Amino acid sequence: MRFFRARRRGFAAFDMTPMIDVVLQLIIFFMYTSQLAQLTRTEIEMPEEPGDERAEAQKATITIDIDAQGRLLVDGSQVSLDDIDRLAHLELQRAGGDPSRVSVLIRADRTLSASHVNAVGMRLAELGLPGFRLGTKVPAGGRR
Amino acid sequence: MRFTQRRDEDTQGRLPMTSMIDVVFLLLIYFMVTASFSTPENDLASGLRAQREGGGQAADLQPQILSVLLENGSVVYRLGDRALTARDRLVELLSRLNKEAGVFVRVSGEVPVEAAAVALQACKDAGITRVTYVPST
């Protein structure tokens with residue numbers, strides 16, 4: 001009498017379902033967290049110009065948004081010119097006092113008067129910062 | 001008598017495709033949703049120099065100055081004695097300048113930010129790499 005069933009050959013296939021589930025969860029997690037920084041950007045109608053592509057290494061250390069009402073925003077919070085002074089001072093200290101290592105990006109509404117950008121620019125120049133970058137929205141059809 | 005069903009030999013070596021299709025669909029939905037959220041952004045880099053009042057100002061600034069002004073309600077790009085309104089003409093004129101010396105872009109506070117961006121972009125399109133933004137009151 002034979003109680004045990006004979007082991008079948010070729011039955012060593014792995015069950016892939018849990019592994020695929022885990023991989024999916026990891027992919028979604030990493031993609032979601034990597035996109036969060038961009039999704040939290042303040043919606044600003046910037047000038048439509050091709051500009052220069054922003055390299056990863058050239059990411060701004062300070063991003064100043066100026067909305068259609070002329071409000072200055074840093075990380076979504078309204079700030080004053082004095083706050084920007086303080087922020088730039090902090091960044092300068094963090095950069096070891098080297099202004100060339102502080103990169104400022106100004107994202108301003110296209111219809112807004114340039115006096116707002118100029119006011120920020122004057123403050124940055126007084127601190128000795130060598131320049132800034134003006135944010136642009138890439139035109140839908142690429143280059144103009 | 002045989003109670004157990006015979007396992008189909010053909011199905012033994014196959015991967016389960018259901019999960020894979022689930023993954024593909026979810027990724028597709030994810031990319032479709034996020035693609036509408038973020039618009040591509042670039043920037044226009046420029047140097048910065050504060051315009052100082054009083055003596056020494058003329059000596060500080062290079063002769064190649066592009067002024068962005070508001071005249072009679074419209075934006076005018078003034079380069080030397082030439083006043084331009086069209087972008088193409090501006091790029092053409094800028095491309096004739098000495099590129100090594102760079103250009104100072106003096107932006108009046110009255111013009112919209114868009115006009116300042118046009119001036120910076122025109123300098124870039126003309127092949128001028130040393131562009132300095134001069135905030136003007």
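Biologist: Where in chain A is confidence lowest, and where is it highest?

Modeller: Within chain A, helix H1 (residues 17-39) has the lowest confidence, at a mean of 73, while strand S2 (residues 72-74) has the highest, at 94.

Biologist: What is known of the pLDDT over residues 55-59 of chain B?

Modeller: Over residues 55-59 of chain B the pLDDT stays under 50, and the model has two contacts beyond four places in sequence for this stretch. In chain B, confidence is lowest in helix H2 (residues 57-60), at a mean of 48, and highest in helix H4 (residues 113-125), at 94. Where pLDDT is low, the predicted coordinates should not be read in detail.

Biologist: Why is the pair Glu48(A) and Arg110(A) called a salt bridge?

Modeller: The rule asks for a side-chain nitrogen of Lys or Arg within 4 Å of a carboxyl oxygen of Asp or Glu. The closest N and O atoms of Glu48(A) and Arg110(A) are 3.9 Å apart, therefore the pair counts as a salt bridge. Glu48(A) lies in the loop between H1 and strand S1 of chain A, and Arg110(A) in the loop between strand S4 and H3 of chain A, so the pair, 62 residues apart, links distant parts of the chain.

Biologist: What makes Glu49(A) and Arg87(B) a salt bridge?

Modeller: Their N-to-O distance is 2.6 Å. The limit is 4 Å, so this pair also meets the rule. Across the interface of chain B and chain A the rule finds five salt bridges, and over all chains the count is 18.

Biologist: How many residues does each chain bring to the contact?

Modeller: Chain B gives 44 residues and chain A gives 54. The two chains bury about 4,400 Å² between them, 58% of it on carbon and sulfur atoms.

Biologist: How are H2(A) and H3(A) packed?

Modeller: Their axes are 10 Å apart, at an angle of about 35°, and the crossing is right-handed.

Notes: Residues are numbered from 1 along each chain as its sequence is written. Chains are lettered from A and ligands numbered from 1 in the order in which they are written. This is a predicted model: local features need pLDDT of at least 70, side-chain atom pairs count only at pLDDT 80 or more; totals for chains, interfaces and linings use all residues. Side-chain values use heavy atoms; hydrogens and water are left out. Axes are lines fitted to C-alpha atoms, for helices over the stretch in contact, and angles run from 0 to 180 degrees between N-to-C directions. Helices (H or I, at least four residues) and strands (E, at least two) are DSSP runs, numbered from the N terminus. A crossing is left-handed if the near helix is turned anticlockwise from the far one by less than a right angle, and right-handed if clockwise. pLDDT is the predictor's confidence in each residue, from 0 to 100. Contact means heavy atoms within 4.5 Å. Buried area is the accessible area (1.4 Å probe) that two parts lose on being put together, summed over both.
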